[in-house]
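Today I am opening my notebook on a protein with a ligand.

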Amino acid sequence: MNDKQLTHISKFLSLALRHKPETIDIQLDQNGWADVEDLLEKANNYGIMFDKEILHHIVATNTKKRFAFNDTLDKIRASQGHSINVELGYSNQKPPAILYHGTGEKSVQSILATGLSKQNRQHVHLSSDIQTAIAVGQRHGKPFVFTVLAGQMYEDKFEFYIADNGVWLTDNVPSKYLKQNDV
Ligand code: HQG
């Protein structure tokens, strides 16, 4: 299987495990886990052909480590990025003093006016390195990176979580904690 085919399956997994499990008639439990056998069977019925070996390969090699198995390897979930309501079970954790958020230049004024909000997802997504933020911003056109005063927010009792793949999550970022960066 070539890289293009693997990316296609990975995107399909993001759809099924983060946004629309009903597309292939699978169910996620309250913590976002899907049964691996069920996922494989329903995906194949839907015409997306891959087996357990390929699934393990994708989970292991995915650049952003988007997916994770449970300890017994019979369940799989997305580590973050959901639009559907799941309880990922990450505990509140002290973030680094500074985190970054990449966005499109067209959203900057609105973000300055109302702060960062989670839009369709379950959290606002932040990264500890600026390169990741630039790459995330590029998905939205000309990229723009905000510095987020995460340490100060934490002192002010905002909660932060770190997903299994290292992405930092929080509920919202009021604009007073944002600084602008030109990239
Ligand atoms: C923006 C990808 C106007 C926000 C990435 C972002 C990430 C506002 C967009 C993960 C706003 C939402 C998430 C406000 C926030 N006014 N715009 N008040 N507040 N926004 O895709 O952070 O590849 O839901 O800046 O790598 O871009 O899918 O969030 O531009 O980790 O694994 O609203 O998705 O990971 O866009 O990306 P998104 P995101 P994957």
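I began with a term: domain bounds here come from an automatic or database domain assignment. This gives domain 1 (3-78) and domain 2 (99-180). Their C-alpha centres lie 27 Å apart.

I noted that this is a predicted model, in which local features need pLDDT of at least 70, side-chain atom pairs count only at pLDDT 80 or more, and totals for chains, interfaces and linings use all residues. Residues are numbered from 1 along each chain as its sequence is written, and side-chain values use heavy atoms, with hydrogens and water left out.

Next I asked myself: how many residues surround the ligand? I found 18, and the closest are K64, H101, T103, S110 and H140. A residue counts as near if one of its heavy atoms lies within 4 Å of the molecule.

Then I sorted this shell. Three of its residues are nonpolar, ten are polar and five are charged. Here Ala, Val, Leu, Ile, Met, Phe, Trp, Tyr, Cys and Pro count as nonpolar, Asp, Glu, Lys and Arg as charged, and the others, Gly among them, as polar.

Which helix gives the shell its largest share? It is α4, with three residues; helices are DSSP runs (H or I) of at least four residues, numbered from the N terminus. Domain 1 and domain 2 each supply at least three residues to the shell.

A polar side-chain atom of R66 is 2.7 Å from a ligand oxygen. For H101, a side-chain N or O atom lies 2.6 Å from an oxygen of the ligand. G115 uses a polar backbone atom, 2.9 Å from a ligand nitrogen.

Methods:
A polar contact is a pair of N or O atoms within 3.5 Å; within protein, one must be able to donate a hydrogen and the other to accept it, and residues adjacent in sequence count only if both atoms are side-chain atoms. Helices (H or I, at least four residues) and strands (E, at least two) are DSSP runs, numbered from the N terminus.
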